[in-house]
Amino acid sequence: MKIAKDTLSFILEVCKSSAPLEFAGMLQADGDVITEVVVVPGTSSSENSAVMQLFMLPNIHTVGTVHSHPSGNRRPSGTDLELFTKKGNYHIIVGAPYNTSSWTCYNKKGETMKLEVVDYDFGDEMDIF
Ligand code: ZN
């Protein structure tokens, strides 16, 4: 699995601007490239409640989740690990200072995974926005 560079930039930017609140979203992919983030409304400063928002989302098609740890400690919590087993197999945790090396991808078992960052052509869609 891979992630589009622009999508990763968006994630880092939105996590940074949400801080000190936690950001949470669902990941969607085009083929084997993660290209979309579905933002979960009403993120909270409490670690557990932002993650709980993800639990409560209807079963949209997703390859995984993303959320931020404003503390900078990117280890998944017990609640995170429980979430990972339920929604997809790619789970990104972003921590302060929100740069290109302050994120980690985990699989549903909570093991670190390599996620390749690639250039992705969003085509005409980008021109509309
Ligand atoms: Zn967490």
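Accessible areas come from the Shrake-Rupley method, which uses a 1.4 Å probe. With the whole chain selected, and bearing in mind that this is a predicted model, you are looking at a chain that exposes about 6,800 Å², of which carbon and sulfur atoms supply 51%. Of the 129 residues of the chain, 42% count as buried.

Among the contacts between residues at least 6 apart in sequence, 61% join residues that are at least 24 apart.

Next, select the strands. In what order do the 8 strands lie in the sheet? They form an open sheet with mixed pairing, and the order across it is β7-β6-β5-β4-β2-β3-β1-β8. The strands β7 (112–113) and β8 (116–118) stand at the edges, and because each has a single partner strand, one side of each is left without a neighbour in the sheet.

Strands of a sheet pair through backbone hydrogen bonds, either parallel or antiparallel. For an example, select β6 and β7, which pair in the antiparallel sense over 2 bridges. If you select Y106, you can look for its bridge partner in β7, which is T112.

Stay in strand β6 and select T104, which is found there. Is T104 buried or exposed? Its relative accessible area is 13%, and because buried means under 20%, T104 counts as buried. Show the neighbouring side chains as well: leaving aside residues up to four places away in sequence, T104 touches R74, H91, I92, I93 and T112. With R74 there is also a polar contact of 2.8 Å, which joins the two side chains.

The next stops concern the backbone. Most residues other than glycine have a negative phi, and most peptide bonds are trans. Select A19 and P20, and look at the peptide bond from A19 to P20, which is cis, with omega near 10°. P20 lies in the loop between α1 (5–18) and β2 (24–30).

Then move to A96 and P97, which are also joined by a cis peptide bond, here with omega of about 5°. P97 lies in the loop between β5 (90–95) and β6 (103–106), and Y98 is found in the loop between β5 and β6 as well. Y98 is a residue other than glycine, yet its phi is positive, near 60°. Its relative accessible area of 10% makes Y98 a buried residue.

For the last stop, select the cysteines C15 and C105. C15 is buried, with a relative accessible area of 0%, and C105 is buried too, at 2%. A disulfide is a covalent bond between the sulfur atoms of two cysteines. How many disulfides are counted in this model? With a cut-off of 2.5 Å between cysteine sulfur atoms, the count comes to 0 disulfides.

Methods:
Residues numbered from 1 in each chain as written. Predicted model: local features only at pLDDT ≥ 70, side-chain atom pairs only at ≥ 80, totals over all residues. Heavy atoms only, no water. Helix = DSSP H or I, 4+ residues; strand = E, 2+ residues; numbered from the N terminus. Buried < 20%, exposed > 50% of the residue type's maximum accessible area, 1.4 Å probe, protein only. Contact = heavy atoms within 4.5 Å. Polar contact = N/O pair within 3.5 Å; in protein donor to acceptor, adjacent residues only side chain to side chain. Pairing = 2+ DSSP bridges.
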